[in-house]
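Here's a structure to get to know. Have a look around it, then try the exercises below.

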Amino acid sequence: MADQSAETVRKPRADAVRNRERVLEAAKAVFSAGGPDASLEAVARRAGVGIGTLYRHFPTREALFEAVYRREVQQLVELAEQLKSAAEPVDALRCWLRSNVEVVATKKGMLAALALAVHGSSELYAYAFERLTKAVGALLDRAVAAGELRGDISPEDLLRALVGMSYMHDQPGWQESVLRLVDVFVDGLRVRRDVAPGRVKGRPRRQGSRKSRK
């Protein structure tokens, strides 16, 4: 009887966890697509749950935004760890930056669909920026140490460039355009093998710019 009671208690919690994950995954897909159909009701339908279930997990629109965004940031941090040992340095950095475009798309879609003010989540963005800076910094250091990329750019520079490219484009198909720009940007950071070492221009990376990563 005790085992049955324990199982009865555990089952709703497991169902609740699954429902929450389904809602988060559905929210990512719906808000990334954007448009007039990117509503909370559309998220619930895609997740296969009732709107009441969605609100039990995320009582406000802001709560759903924060949960999805934190989940996306954590996945990017984990991806950086995987790429450090599973891909060539430049390919790893390129892959991570391209994956970041998907996160930007989700965030842009949520801001539009949920009518959220950017400044209202400044603390969340600061948290995300710190974690993403550390993640991309590790990939950048690896590529620089391998002699593949120039050393006068910081991880903060990379993130700001990515955000700038993403938010300059709002027309349909903007993600494809930004992904092409990411490739051009990364290729532009490569060390040129056809230039004599004494003619390479660039300033050494400043140690102070890496404080946020310690």
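Predicted model: local features only at pLDDT ≥ 70, side-chain atom pairs only at ≥ 80, totals over all residues.

**Exercise 1.** Work out how helix α6 and helix α7 are arranged and which residues make their contact.

*Solution.* 
- Start with the axes: those of α6 (residues 122-145) and α7 (residues 155-167) come within 8 Å and cross at roughly 115°.
- Angles of 65 to 115 degrees count as roughly perpendicular, and α6 and α7 are therefore roughly perpendicular to each other.
- For the handedness, α6 passes α7 in a right-handed crossing.
- Now the contact: α6 brings F129, L132, T133, V136, G137 and L140, while α7 brings P155, E156, L158, L159 and R160.
- Sort these residues by type and you get seven nonpolar, two polar and two charged.

**Exercise 2.** Find out how the rings of F65, Y69 and Y125 are linked, and whether these residues are buried or exposed.

*Solution.* 
- Searching the whole structure turns up three aromatic pairs.
- Take F65 and Y125: their ring centres are 6.2 Å apart and their planes sit at 75°, so this pair is edge-to-face.
- F65 belongs to helix α4 (residues 61-86) and Y125 to helix α6, so the pair ties together parts 60 residues apart in sequence.
- Next come Y69 and Y125, with ring centres 5.5 Å apart and planes at 85°, so that pair is edge-to-face too.
- Y69 is in helix α4 and Y125 in helix α6, 56 residues apart.
- Put together, ring pairs join F65, Y69 and Y125 into a cluster.

Definitions and conventions. Residues numbered from 1 in each chain as written. Heavy atoms only, no water. Axes fitted to C-alpha atoms, helices over the stretch in contact; angles between N-to-C directions. Helix = DSSP H or I, 4+ residues; strand = E, 2+ residues; numbered from the N terminus. Parallel < 35°, antiparallel > 145°, perpendicular 65-115°, else oblique. Left-handed = near helix turned anticlockwise from the far one by under 90°. Contact = heavy atoms within 4.5 Å. Nonpolar A, V, L, I, M, F, W, Y, C, P; charged D, E, K, R; others polar. Phe/Tyr/Trp six-rings, centres within 6.5 Å; stacked < 30°, edge-to-face > 60°.
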